[in-house]
Amino acid sequence: MEQVCSVADDISKLVADTHIRIEVADTIELIDEVRVDLLGRKGKLNEISKQFGKLSPEERAHLGKTLNAAKQDLESKIDAKKGALELRALEARLNGEWIDLTEPAPGPRPGSLHPVTQVQRELEQLFTSLGFAVLDGPEVELEQYNFDKLNIPADHPARDMQDTFWLKDGRLLRTHTSPVQIRGLETLRPPLKMIAPGRVFRNEEVDASHEHTFYQIEGMMVDRDVSVAHLIYFMKTFLSAVFRRDVTVRLRPGFFPFVEPGFELDIRCLICGGSGCAVCKHSGWVELCPCGLVHPEVLRAGGADPEVWSGFAFGLGLTRLAMMRYGIDDIRLFMSGDLRFLRQF
Amino acid sequence: MKFSYNWLRELVDGMDTPPEELMRLITLKTAECDRMENAGADRIIEVDNKSLTHRPDLWGHHGMAREVAAITKHKLRDPVPAEPLPTAASPVRVTVEDFALCPRYSALVFENVTVKPSPLWLQYRLESIGLNAINNVVDVTNFVMAELAQPMHAFDAEELRGSEIIVRNARAGEKLAALNGETYELDSSNLVIADPECAIALAGVIGGAGSAISGSTTRIVLESACFNASSVRRTSSRLKLRTDASMRFEKSQDPVNTVRGLKRALALLEEVSPGIRLAGGLADSYREPAARPPIELPLNWLDRKLGGAVPVSEVRAILESLEFTVEEIAIRLFSVRVPSWRATKDVTIKDDLVEEIGRMIGYDNIVPTAPLAPARVPPSNPEREFHHHVREMAAAQGFTEVFNYSFVSEDQARAFGLDPARLVEVLNPIASDQNFLRASLLPGIWRNIRDNAKHFDSFRLFEIGREIHPEQEVPHFVAAIYAKDDGPNPGKAGLLELKRLAECLLPNVSVRRSKARGYEHPQRSADLYHCEALAGRLFEFHPSMVETGRAAVLDLDLTQIFNFQRDTPRYQSLRRFPTSAFDITVAVPARTSIGEVQDAIPLRPEILSIEFLREFALPDSRRSLSYRVTAGASDRTLSSEETGAIRSAVIEALTARGFESRS
């Protein structure tokens, strides 16, 4: 009986002592020590169980249960304490890792594309979605392609309207993107739909609204029985996409040698809605682009038979469109290379 | 050109459309009206000349009135009297040397002329549309021009020598003192009106001062002629002299108008110069143009062109209101005769008739229709797409896109190593220092760096543009990084960032040192190669080119780079057996490059990769470079002996090159 009491006492004392040690342990090392002391090969629980040899089977069974219960209780308390200590250590570490996120980020600031490129890209994607090919043409052109094949022969008054940069070798800098109509007809062959964005040149004095180097985008669709009705539908559709809202357009007669009939296309002023303002010079309409049905001579010059094929064509001022889109009032900024301007886009 | 609303009303019976509405209708159907001004009880409509270039008939009120009559469906009144001019011989003989340059020359001689101010109604008419009233005779010529688009000129007959008028080419060096006070030196490309002794007027442009109408004039020769458009245009532009007359003749006027003009002038002169008499009859030297065949207009074709059906009666009504004559020669087939004033150049093919009908119907009345076409995938433009990809890549790495002009000066060209003899030269440059086309984007980028350095301490910019060479245009990508002060190793970061950009576009790019050009830092320039093909250049600007700070530049030939883009990669199965790696370190002499050492490591199939790890500075300015070599085989794990053998071989090769192994 004495032995039983002593073993039972040992167990109780171990539990009480260990509870205190657990409570007092305030580092992970200390709580680990408590565990090792208790549960290790040479730990206290093993020591006590060695005493079981002296006990009767009934006593062993009874104290065995008590010892087990004590072991589970202490283990769970050790685990809990360790968990708490680990949590506290983690919180302390995290707390010390404050970073000032308002600090400027290292590395270069984001770059940007030129505003004309942005508008151009948008138009290219729009037209590609409508089934148009995007073509390039040379900036240095032959007189044939810039004038003659577009039904603008020598001595034609239209040549006056296009102040041309002539080159010493007889070629010229293209005055519009229209030459690519002919090149497109020659390479793609009808039926076709194409646009041709690009840089064009006019020998004009530079001021806030005139430049000698600027950008246009040419468009053309050639198929069988293409009509004025198709042209109007088309212009309305893509202009509404360009201006991101429903636009009202009107066509009035315009003279261009490479189209017949030829039109000036106006859009109802987006600023005043048509009631009249400074932007539309109080007319309610803004002149936007020339367009028309492709002149049979142009089709012939591109190798297409005008009795079989017909088409429409239009020319948009890309630089002008960018000025309208972003509210830029000085055309010279586009070629200035000034980052104070370019970084805004 | 200015049009008086009241004058138009007088020429269109019953027209009562208010001026604003009339202006709107003219804009929609005929020509662009810019603005309207008040002029007492009248309104003056200003039409943009550019919208009249193809309409010689609209340079006078009668022609515009015809449009107004057609638009408002009223009747046009003809102010020209119906009675023919007397057929008696004219006291003046007219000789036209070349009818190609002067299809018709008509003239009347008047005597008992009294030159004095015109009546107020006539002065007012002229002044209201921007013409100056001078005296009754000159005013009548201007009035007829403003009404019928027929320029006329009055000579003081007493100042003419002989009784012959000759229309001929000027002789080289011939001079003419003109009405505007200037004296012009002419050549054979200029057509003149002359008497047997000398030139008296520049045909179709301006009269001579010698035969000008003055207060003492009592006899006049009144000219009403038609001159070749190109000839007048060339003379006008060469002598830099534009007049109301030359502007009209340039548009190819109808020769029928000369006699009409004289008839009108006769009636007006009788009114404004009381007692005036004709001397003799009409002098008229005329070569009639070849009859122009009628235009066949298939009505089904017309409907297809407009995109809507137009009633036959309406087609006829529109054409006839514009004085085309219409004959139905077969079912839904018209034969249309073009009136002479539209036939000089504007209406010649059936497509021109589409415009006549379309504009009169009003394009607003055409229902927009979607074109029906099979859905086709358009041909792609991979090179253009690639350029956009390059732009996006550059922007993503902090570069801002710029555009520069295509022009350079001779000095700029030389400064960047371009030989002006091999550049494309502009005949009529906008300025004397913009007379060559750029065969390099560098001058523009250099200017961008210089200008932006005034406002920013660091920046990155790029341009994609074409180098213009005599035989070809080559797209290039040029990027620059500028930093005023970037720390202990100035300029190095910029150069290596640009190299990284190049690697994004060309994964296998290799750098080879190259002799520096004049504008490059002598120790900081290299060519960029892809395999054995030259793809571009990387350099830092010579300090003489950059005032403060450093600028690094990358210049890539986009056509080359595009050709080197990767095809669709093919998957390679992952290694089944583990690889092993070892590091080696060598000490090399100063200025031996990392790449040179790496290239000295012999390639064997088991060497999978060689990676530069780090550099240590050595006290004697040699470099200590460390590399990691990864080795492996596809069919087995390499044994430690095999790996050891590879390592020894590598060290042996490096040592043989004179590099000291320090592993």
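Predicted model: local features only at pLDDT ≥ 70, side-chain atom pairs only at ≥ 80, totals over all residues.

**The seven-stranded sheet of chain B**

Let me begin with the open sheet in chain B, which has 7 strands in the order 20-23-24-28-27-26-25 and mixed pairing, where strands are DSSP runs of E of at least two residues, helices are runs of H or I of at least four, both numbered from the N terminus, and two strands pair if DSSP finds at least two bridges between them. The edges are taken by strand 20 and strand 25 (509-513) of chain B, each of which has a single partner strand, so one side of each is left without a neighbour in the sheet.

Residues are numbered from 1 along each chain as its sequence is written, and chains are lettered from A and ligands numbered from 1 in the order in which they are written.

Within the sheet, strand 24 (residues 473-483) and strand 28 (residues 550-557) of chain B are antiparallel and share 8 bridges, and one of the pairs is B:Ile481 with B:Ala552 of strand 28 of chain B. Helix 15 of chain B packs on this sheet, where it touches strand 23, strand 24 and strand 28 of chain B, and its direction makes about 25° with that of strand 24 of chain B; contact here requires C-beta atoms, placed from the backbone, to lie within 7 Å, and angles run from 0 to 180 degrees between N-to-C directions, with axes being lines fitted to C-alpha atoms, for helices over the stretch in contact. Helix 16 (residues 492-505) of chain B lies across strands 24, 25, 26 (520-530), 27 (533-541) and 28 of chain B, at about 20° to strand 28 of chain B.

Let me turn to helix pairs. In chain B, helix 5 (residues 136-148) and helix 8 (residues 257-272) pack with axes 9 Å apart at an angle of about 135°. That makes helix 5 of chain B oblique to helix 8 of chain B, given that angles under 35 degrees count as roughly parallel, over 145 as roughly antiparallel, 65 to 115 as roughly perpendicular and the rest as oblique. By class, their contact has 8 nonpolar, 4 polar and 3 charged residues, with Ala, Val, Leu, Ile, Met, Phe, Trp, Tyr, Cys and Pro taken as nonpolar, Asp, Glu, Lys and Arg as charged, and the others, Gly among them, as polar.

In chain A, the axes of helix 2 (residues 28-39) and helix 4 (residues 57-95) come within 9 Å and cross at roughly 165°, which makes helix 2 of chain A roughly antiparallel to helix 4 of chain A. Helix 2 of chain A contributes A:Ile28, A:Ile31, A:Val34, A:Arg35 and A:Leu38 to the contact, and the residues from helix 4 of chain A include A:Leu74, A:Ile78 and A:Lys81. That contact divides into 8 nonpolar, no polar and 4 charged residues.

How many residues of chain B are in contact with chain A? There are 72, and they meet 65 residues of chain A. Among the elements of chain B that each supply at least two residues to that side are helix 15 (442-452) and strand 23 (458-468), and the residues of that side divide into 29 nonpolar, 21 polar and 22 charged.

Conventions:
Contact = placed C-beta atoms within 7 Å.
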